Amino acid sequence: MKFGAHVGMAGGVSNSIKNCMDIGGNSFALFLKSPRRWESPPYSKEEIETFHNLCKEYNYNPRTDILPHGSYFINLANPDQEKELKAYDSFLDDLKRCELLNIGLYNFHPGSDLGSDHTTALKKLASNINKAIKETNFVKIVIENMAGHGNLIGSDLNDIKFVIDLIEDKSRVGVCIDTCHSFAAGYDLRTEETYKEFWDKFDEIIGRKYLASVHLNDSKAPIGANRDLHAKLGYGFLGLETFRLIANDENLQNIPIVLETPVDKGNESEYGDEIKLLEWLIGKSKDDSEFKEKSAKLSKLGESERKDQLAKYEKKVTKKRKSENDILSALKKNNKKSK
Ligand SMILES: [Zn+2]
Ligand SMILES: [Zn+2]
């Protein structure tokens, strides 16, 4: 299993390789440039060379083991053409950086329709991906599924299917499934049955062969809450069982499985502990007493945060229901009046 984490690249992208070594990762994610700025200086020749050398030295295959994460503000489906072009430039720059580093995968968020027509937005996204594929040579563009609030693209697996159907060179496109996002979007992964159902659905809608990577996060918010709130493994509403199922899923071998869980003050050694936990889960059955003990212990640690988030969610649902009822009764009143 290629367990790893999203590691830092401060001081130069090649530092990410050592950061991954330090936590015992077999794969990793990184930002290719500052995720808060549109433009960053190009890599120096030395930096690129160091990156290649360290990959060799530490035995990471950049084509399969490294999954950079695109900037969060890239929205290739932006209805504003000027903003769309700016996003595309940054996207293409990321892809070119991947190829300079010989990186074979690139993961990004599919963006938002920002209130415009959803189908038009999906087509726009697909056409930008097609264009970017033509302007690059080998990097696979990996679309991440989303937690799904409002106008976001990709919380429904059908969105991703729609986009992939429009991609001309399908060998250059893939999907990253984020466990927290899936759960927040309403897909259950908590038991053996629901976990299997989810992947069957994925296969039916999108197709197994497109699965390129997994983001591993527990969820602070309950199922269907549409909140993108990552929790440490076992602390959230998914619970350790989901990650036991993942650790023992043969279908997930040889693809990057990347932690994006919260760590205290950027302390990446906490990722090392979670990677060890994942490796420990391999071969464990759900009735194993040590597993049950561990699962209960981690769940306890996340209890108060889950309670807070559940209360927030319930408040939101009640408010929504109330406003729906208000609209309904207003309509009824109006109806009576017109009669
Ligand atoms: Zn993610
Ligand atoms: Zn997320």
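Is the crossing of α5 and α7 left-handed or right-handed? Please describe what surrounds that crossing as well.

Author: The model is a predicted one, and every value below is computed from it. The crossing of α5 and α7 is right-handed.

The two helices concerned are α5, residues 157-165, and α7, residues 192-205. Their axes come within 10 Å of each other and cross at roughly 30 degrees. Because angles under 35 degrees count as roughly parallel, α5 is roughly parallel to α7. On the side of α5, the residues that take part are Leu 157, Asn 158 and Lys 161. They meet Phe 198, Phe 202 and Ile 205 of α7. By class, this contact of α5 with α7 comprises four nonpolar residues, one polar and one charged.

Helix α5 also has a contact with α4, the helix of residues 118-134. Here the axes of α4 and α5 come within 9 Å and cross at roughly 50 degrees. The two helices are therefore oblique to each other. The crossing of α4 and α5 is right-handed. From α5, this contact draws on Asp 159, Phe 162 and Val 163. From α4 it draws on His 118, Thr 119, Leu 122, Lys 123, Leu 125, Ala 126 and Ile 129. Six of the residues in the contact of α4 with α5 are nonpolar, two are polar and two are charged.

Helix α1, residues 15-22, packs on helix α2, residues 45-57, at an angle of about 25 degrees. The axes of α1 and α2 lie 8 Å apart. These two helices are therefore roughly parallel to each other. Ser 16, Ile 17 and Lys 18 of α1 make the contact with Phe 51, Leu 54 and Cys 55 of α2. The contact of α1 with α2 divides into four nonpolar residues, one polar and one charged.

There remain the spaces within the model. The largest pocket holds about 420 Å³ of space. Its lining consists of 22 residues, and those nearest its centre are His 6, Val 7, Phe 31, Tyr 72 and Tyr 271. The lining of the largest pocket is made up of eight nonpolar, eight polar and six charged residues.

About 40 Å³ of space lies in the largest cavity. Its lining is formed by Lys 220, Ala 231, Tyr 235, Gly 236, Gly 302, Glu 305 and Arg 306. Two of these lining residues are nonpolar, two are polar and three are charged.

Key: Residues numbered from 1 in each chain as written. Chains lettered and ligands numbered in written order. Predicted model: local features only at pLDDT ≥ 70, side-chain atom pairs only at ≥ 80, totals over all residues. Heavy atoms only, no water. Axes fitted to C-alpha atoms, helices over the stretch in contact; angles between N-to-C directions. Helix = DSSP H or I, 4+ residues; strand = E, 2+ residues; numbered from the N terminus. Parallel < 35°, antiparallel > 145°, perpendicular 65-115°, else oblique. Left-handed = near helix turned anticlockwise from the far one by under 90°. Contact = heavy atoms within 4.5 Å. Nonpolar A, V, L, I, M, F, W, Y, C, P; charged D, E, K, R; others polar. 1 Å grid on protein atoms, 1.4 Å probe; cavity = no way out; pocket = protein on both sides within 12 Å on 5 of 7 lines; lining within 4 Å. Points joined across faces, edges and corners; volume = space filled by probe spheres on them.
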